[in-house]
Amino acid sequence: MAETDGEDIEDLPPSAKLVFKVLEYDGPLTQKQIVEESMLSARTVRYALERLEEIGIVNEDIYFADARQSLYRLEEPVAADGNGVEEAPKKDACCAE
């Protein structure tokens, strides 16, 4: 999942980590939207997306609003350390308001 050929998210360049975080927080986005959110150049975002796709973290889909663009989304949630799936903290039933 987050590891292919010995490479995981910790080994990626800072730009790829930033793109990963933008997708993690803002959900599925087009390349143009990632450029706007991250303030990285389009070329840097393309490279970061390629690296993330190589290790299986990012999935590219068709963007139905504009078929000329692709929609990028995270394959599945990844823990901050790059290993395994991050689980949401569970709420205690007795403390529900």
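## Overall architecture

The chain of this predicted model contains three helices and three strands, and, read from the N terminus on, its elements follow the order α-β-α-α-β-β. Of its 97 residues, 31% count as buried. Among the contacts in the chain with a separation of 6 or more, 50% are accounted for by residues 24 or more positions apart.

## Packing of H2 against H3

Helix H2, which spans residues 31-38, packs with helix H3, residues 42-54, at an angle of about 115°, and the axes of the two helices lie 9 Å apart. That angle makes H2 roughly perpendicular to H3, and the crossing of H2 and H3 is right-handed.

On the H2 side the contact is formed by Gln31, Ile34, Val35 and Ser38, which meet Ala42, Val45, Arg46 and Leu49 of H3. By residue class, the contact of H2 with H3 comprises five nonpolar residues, two polar residues and one charged residue.

## The largest nonpolar core

The largest nonpolar core of the model has 18 residues, and those with the most contacts inside it are Val19, Leu23, Ile34, Leu49, Leu52, Ile57 and Val58. The elements that give two or more residues to this core are helix H1 (14-26), H3 and strand E3 (70-74). The largest share, five residues, comes from H1. Two of the residues with the most contacts inside the core, Ile34 and Leu49, also belong to the contact of H2 with H3, Ile34 on the H2 side and Leu49 on the H3 side.

Leu52 is likewise among the core residues with the most contacts. When residues up to four places away in sequence are not counted, Leu52 touches Leu12, Ala16, Val19, Phe20, Ile57 and Val58; of these partners, Val19, Ile57 and Val58 are themselves listed among those with the most contacts inside the core.

## Asparagine 59 in strand E2

Asn59 is placed in strand E2, which covers residues 58-62. With a relative accessible area of 26%, Asn59 is partly exposed, because this value falls between the 20% below which a residue is buried and the 50% above which a residue is exposed.

Leaving aside residues up to four places away in sequence, Asn59 touches Leu71, Tyr72, Arg73 and Glu75. Strand E3 covers residues 70-74, and the partners of Asn59 include Leu71, Tyr72 and Arg73.

Methods
Residues numbered from 1 in each chain as written. Predicted model: local features only at pLDDT ≥ 70, side-chain atom pairs only at ≥ 80, totals over all residues. Heavy atoms only, no water. Axes fitted to C-alpha atoms, helices over the stretch in contact; angles between N-to-C directions. Helix = DSSP H or I, 4+ residues; strand = E, 2+ residues; numbered from the N terminus. Parallel < 35°, antiparallel > 145°, perpendicular 65-115°, else oblique. Left-handed = near helix turned anticlockwise from the far one by under 90°. Contact = heavy atoms within 4.5 Å. Nonpolar A, V, L, I, M, F, W, Y, C, P; charged D, E, K, R; others polar. Core = buried A, V, L, I, M, F, W, Y, C linked by side-chain atoms within 4.5 Å. Buried < 20%, exposed > 50% of the residue type's maximum accessible area, 1.4 Å probe, protein only.
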